[in-house]
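Subject: Structure handover, with notes on helix packing and cavities

Dear colleague,

I am passing on the structure that I have been looking at, and below it you will find my notes on what came out of it. Please read them with the model open beside you.

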Amino acid sequence: MNMVEEYVNASKSQYRDAFDIIEEFKKEMSEMRGKCIDIGCGPGDVTKKLILPKLSLEAELVGADISKAMTDYARQKYQGEKRLSFLQLDIETLALPNEELAQYSNVLSFYCLHWCHNSWRAFDNIYKLLRPGGKALVMFLAWNDGFDAYMRIHENPRYKPYMEDANRFVPFFHRCKDSRAALRKMLEDVGFEILHCSRREKSFVYQNMQILKRHMIAVNPFISRIPDHLKEEFENVVVREVASQKILFPNKNDNGQQEYSILDRYHILVAYVKKPSDKC
């Protein structure tokens with residue numbers, strides 16, 4: 001996801017959900033000191049505006065993202081913040097940089113980990129980033145029928161050459177019958193002590209199809225592969241496929257023309273975990 005401006009302008013639901021979880025865990029976050037890291041910081045808005053103000057004044061925060069475009073944007077936008085820095089980091093890497101191992105008192109992550117192809121490795125790396133006794137607060141998508149739209153579009157021979165790996169972009173937990181139980185087992189297998197683990201239903205209303213389209217294109221992993229002559233057509237197909245599974249409400253725009261608001265229902269997973277104090 002390197003379309004920075006598009007993502008910034010289309011991430012209201014992610015920002016709202018992050019705000020809700022951060023408010024819920026504000027006491028725990030107020031006790032977070034030392035070096036902390038926000039995994040999947042994107043353009044840095046949640047990192048700077050929501051996370052940093054909730055941490056202890058004794059904490060410093062590193063925003064980390066796999067996208068260089070995102071971290072460059074965040075670093076430039078928030079260069080004046082003394083307690084905030086940004087780092088390009090792949091949380092699924094096979095080998096974390098040695099200088100990052102056991103360096104963080106706390107790990108936070110909002111709306112990132114569902115993009116990981118290997119969820120176990122991502123959590124194992126979070127474990128390795130933490131100091132003994134360190135804690136992690138994470139929130140990410142458990143289920144959204146938009147992922148099923150990828151697989152339906154993938155069957156269209158017109159787009160299949162650009163979506164051969166579509167299955168890799170359907171999150172592990174989206175496929176689970178009991179995603180909360182699956183997450184608990186994964187966290188325990190990695191070695192975490194579980195302080196909280198829950199699955200929650202959420203909803204968000206897109207006021208019209210154009211707003212839904214901006215959101216879907218900003219997070220679509222295939223759009224950069226689509227040739228220019230097919231791009232607009234592909235975008236419209238994506239929006240139609242996604243909207244076909246949503247609840248639509250007719251309304252009128254400012255010009256009196258017929259439009260539709262779109263109700264999106266989805267599930268998130270929230271976990272607050274601890275690395276045991278006696279583990280390196």
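Helix 7 (146-154) and helix 10 (residues 228-243) pack at an angle of about 125 degrees, with their axes 9 Å apart. Before going further, please keep in mind that this is a predicted model, in which local features need pLDDT of at least 70 and side-chain atom pairs count only at pLDDT 80 or more, while totals for chains, interfaces and linings use all residues. Residues are numbered from 1 along each chain as its sequence is written, and side-chain values use heavy atoms, with hydrogens and water left out.

As for the terms, helices (H or I, at least four residues) and strands (E, at least two) are DSSP runs numbered from the N terminus. Axes are lines fitted to C-alpha atoms, for helices over the stretch in contact, and angles run from 0 to 180 degrees between N-to-C directions. Angles under 35 degrees count as roughly parallel, over 145 as roughly antiparallel, 65 to 115 as roughly perpendicular and the rest as oblique.

Gly146, Ala149, Arg152 and Ile153 of helix 7 make the contact with Phe234, Val237, Val238, Glu241 and Val242 of helix 10, where contact means heavy atoms within 4.5 Å. By class, this contact has six nonpolar, one polar and two charged residues (Ala, Val, Leu, Ile, Met, Phe, Trp, Tyr, Cys and Pro count as nonpolar, Asp, Glu, Lys and Arg as charged, and the others, Gly among them, as polar).

Helix 10 also meets helix 9 (residues 209-219), and the axes of these two come within 10 Å and cross at roughly 110 degrees. Helix 9 and helix 10 are therefore roughly perpendicular to each other. Their contact involves Met209, Leu212, Lys213, Met216 and Ile217 of helix 9, together with Glu235, Asn236, Val238, Val239, Val242 and Ala243 of helix 10.

A further pair is helix 6 (119-129) and helix 8 (residues 179-190), which pack at an angle of about 45 degrees with their axes 9 Å apart. Helix 6 and helix 8 are therefore oblique to each other, and their crossing is right-handed. On one side Ser119, Trp120, Phe123, Asp124 and Tyr127 in helix 6 meet Leu183, Met186, Leu187, Asp189 and Val190 in helix 8.

On a 1 Å grid over the protein atoms alone, a cavity is a set of points where a 1.4 Å probe fits but cannot get out, and lining residues have an atom within 4 Å of a point. Grid points are joined across faces, edges and corners, and a volume is the space filled by probe spheres set on the points.

The largest cavity has a volume of about 300 Å³, and of the 21 residues that line it, the closest to its centre are Gln14, Leu141, Asn144, His215 and Val219. Helix 9 gives the largest share of this lining, four residues.

The second largest cavity holds about 40 Å³ of space, and its lining has nine nonpolar, no polar and no charged residues. Strand 5 (130-143) supplies the largest share of that lining, three residues.

With best wishes

Notes
On a 1 Å grid over the protein atoms alone, a cavity is a set of points where a 1.4 Å probe fits but cannot get out, and a pocket is an open set with protein on both sides within 12 Å along at least five of seven lines; lining residues have an atom within 4 Å of a point. A crossing is left-handed if the near helix is turned anticlockwise from the far one by less than a right angle, and right-handed if clockwise.
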